[in-house]
Amino acid sequence: MLKQICDALTALRQYLLQTHWACRKNYAIHLLTDRIYQGIADDIDRLKELYIGSTSDLSIACAETTFKDALSYIRALSASTDLDTRAMLDNCLKLEITVSNLLNQATDFYNNQPEGTAFKAGILNALGDIDEKRLRDIFLIQTELKK
């Protein structure tokens, strides 16, 4: 579950960066995507560290694997080949919602794990923190799309 969230966050981060570059004419969206983009790297790092600590699986540290798996999330989006800012921002929203859904599934999963499960409290805290950020960013993107 944590790996899926990291993959989806990586896809979101890359898509936000692309949107950030493409929307120079809309400064509000430019600033919004930059702010969201900047905060995601720490969340990915935190989840990857917890994943490695709880599983001893180092595969999540491989950049090639992470980007390959993140690409599947990007490919599921509607194409915006004309680099339309609104369409790209809508795709960012779709990725945000995907991440939020994955966070909710993971929270349910880890809440049902027995006490004493490796890193359970740390994982639940991280998931809660990240979900709070995602919900805030979903609201901000939705607000921008309504303009």
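**Questions on a predicted helical model**

The accessible surface of the protein comes to about 7,800 Å², and 54% of that surface belongs to carbon and sulfur atoms. The model discussed here is a predicted one.

Biologist: How many helices and how many strands are there in the protein?

Modeller: Reading from the N terminus on, the elements of the protein run α-α-α-α-α. The count for the protein is therefore 5 helices and 0 strands.

Biologist: What is the radius of gyration of the protein, and what does the globule rule give for 147 residues?

Modeller: Taken along the principal axes, the C-alpha atoms of the protein fill a box of roughly 50 × 30 × 20 Å. For 147 residues the globule rule gives 15 Å, and the value for the protein is close to this, so the protein is as compact as a globular protein of that length. The radius of gyration itself is 16 Å.

Biologist: What share of the 147 residues counts as buried?

Modeller: A residue counts as buried when its relative accessible area is under 20%. By that cut-off, the buried share of the 147 residues of the protein is 41%.

Biologist: Is T19 buried or exposed, and which residues does T19 touch beyond those up to four places away in sequence?

Modeller: T19 is found in helix α1, which covers residues 2-22, and the side chain of T19 reaches the backbone oxygen of Y15 at 2.8 Å. Because its relative accessibility is 1%, T19 counts as buried. Setting aside residues up to four places away in sequence, the residues that T19 touches are I29, T33, M88, L89 and C92.

Biologist: Where does A61 lie, and is A61 buried or exposed?

Modeller: A61 lies in the loop between α2 and α3 (63-75). In sequence A61 and E49 are 12 residues apart, while in space they are 9.0 Å apart, C-alpha to C-alpha. The relative accessible area of A61 is 54%, and the cut-off for this class is over 50%, so A61 is exposed.

Biologist: Which residues is E96 in contact with, leaving aside its neighbours within four places in sequence?

Modeller: E96 is found in helix α4, and with a relative accessible area of 0% E96 is buried. Along the chain E96 and L9 are 87 residues apart, yet their C-alpha atoms are separated by 8.2 Å. Leaving aside neighbours within four places in sequence, the contacts of E96 are L12, I36, R134, D137, I138 and I141.

Biologist: How far apart are the end C-alpha atoms of helix α5, and what covers the buried residues of α5?

Modeller: Helix α5 holds 27 residues (residues 120-146), which at 1.5 Å a residue should span 39 Å, and this agrees with its end C-alpha atoms, which are 39 Å apart. The buried residues of α5 include I123, L127, I130, R134 and I141. What covers the buried residues of α5 includes α1, α2 (27-55) and α4 (85-111).

Terms used:
Residues numbered from 1 in each chain as written. Predicted model: local features only at pLDDT ≥ 70, side-chain atom pairs only at ≥ 80, totals over all residues. Heavy atoms only, no water. Helix = DSSP H or I, 4+ residues; strand = E, 2+ residues; numbered from the N terminus. Buried < 20%, exposed > 50% of the residue type's maximum accessible area, 1.4 Å probe, protein only. Polar contact = N/O pair within 3.5 Å; in protein donor to acceptor, adjacent residues only side chain to side chain. Contact = heavy atoms within 4.5 Å. Expected span 1.5 Å × (residues − 1). Rg over C-alpha atoms; globule rule 2.2 N^0.38 Å. Areas by Shrake-Rupley, 256 points an atom, 1.4 Å probe, with all protein chains shown as cover.
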